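Hi,

Here is the structure I promised to pass on. Have a look at it first, then read my notes below.

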Amino acid sequence: HAFIGMTKMGQSAIFETRGNHDCHVILRGGKQTNYAAADVDATCALLEKSGLRPQVMIDVSHANSSKQHQRQIDVAADVAAQVAAGDSRITGVMIESHLNEGRQDIVIGQPLKVGVSVTDACISMVQTVPVLQQLAAAVRARRALAASNVSTLSASSVQLANSDKVPISSPLISGKSPKPRAKAQVRHSRIVTPQSTNCSTI
């Protein structure tokens, strides 16, 4: 990967790097939205095909909300439902949030409203808190689902180990070597709430 940058001496230069395999794709929409489950599936399929980790962050604002700041709440609810259903590929969301709702222009001689964005329109903190609580609940549901799957896998292993009957399809009878069992993994998640534009890692 090559990109233009500036040296410590203030000179323009072309920098080269081996890249970062721990990066993620941000879905922020374009001519159409791309926050739905089908969009996540399509994006992660491309990442896996390229040998990259299938993980995405979803921007609930911009084109995904049709630039209607209040629609961020509905988009976030859709994402929360995907997370609660167990999708561990969604690692975070981006929310345009400020102290107070809306946006304002900078006009010479006119005082600015306190806590209102001067760039993109935002939802207020009063509106943001329930969204973050909904996402946090979704993460807890995802963790519980993952833990339940691990418990089920462990219980099945114990039942097989304690059985006095060898299944007909067992490798012991067929003569085939048993395939190594993949270890179930539980992804630990968290919610963070930075400043003006909230990037929540889930």
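Let's start with a definition: a residue counts as exposed if its relative accessible area is over 50%, as buried if that value is under 20%, and as partly exposed in between. Lys-67 has a relative accessible area of 73%, so it is exposed. Keep in mind that this is a predicted model.

Now for the overall layout. The chain has 4 helices and 6 strands, and along the sequence they come in the order β-β-β-α-β-α-β-α-α-β. There are 202 residues in the chain, and 29% of them are buried. The chain exposes about 13700 Å², with 56% of that supplied by carbon and sulfur atoms. If you take the contacts between residues at least 6 apart in sequence, 62% of them join residues at least 24 apart.

Back to Lys-67, which sits in the loop between E4 and H2. Its phi is near 55°, a positive value in a residue that isn't glycine. Why point that out? Most residues other than glycine have a negative phi.

His-62 is another one to look up. It lies in the loop between strand E4 (56-59) and helix H2 (72-84), and it has a positive phi of about 50° without being a glycine. Is His-62 buried or exposed? Its relative accessible area is 17%, and the cut-off for buried is under 20%, so His-62 is buried.

Next, the aromatic rings. How many aromatic pairs does a search of the whole structure find? It finds 1. The partners are Phe-3 and Phe-15, and they are stacked, with 5.8 Å from centre to centre and 20° between the planes. The pair links distant parts of the chain: Phe-3 belongs to strand E1 (residues 2-6) and Phe-15 to strand E2 (residues 12-16), 12 residues apart. Phe-3 has 38% relative accessibility, so it counts as partly exposed. Phe-15 is partly exposed too, at 29%.

One last stop, on the surface. Leu-99, Met-125 and Val-129 form a nonpolar patch there, with about 250 Å² of accessible area together. To find Leu-99, go to the loop between strand E5 (90-96) and helix H3 (125-162). Leu-99 has a relative accessible area of 53%, and since the cut-off is over 50%, Leu-99 counts as exposed.

Happy browsing!

Notes. Residues are numbered from 1 along each chain as its sequence is written. This is a predicted model: local features need pLDDT of at least 70, side-chain atom pairs count only at pLDDT 80 or more; totals for chains, interfaces and linings use all residues. Side-chain values use heavy atoms; hydrogens and water are left out. Patches are made of residues with over 30% relative accessible area and no salt bridge: like charges are joined within 9 Å, nonpolar side chains (Val, Leu, Ile, Met, Phe, Trp, Tyr) within 5 Å. Accessible areas come from the Shrake-Rupley method with a 1.4 Å probe; for residues, only the protein chains shown count as cover. A salt bridge is a side-chain nitrogen of Lys or Arg within 4 Å of a carboxyl oxygen of Asp or Glu. Helices (H or I, at least four residues) and strands (E, at least two) are DSSP runs, numbered from the N terminus. Buried means under 20% relative accessible area, exposed over 50%, partly exposed in between (1.4 Å probe, protein chains only). Contact means heavy atoms within 4.5 Å. Rings of Phe, Tyr and Trp (its six-membered ring) pair if their centres lie within 6.5 Å; planes under 30 degrees apart count as stacked, over 60 as edge-to-face and the rest as tilted.
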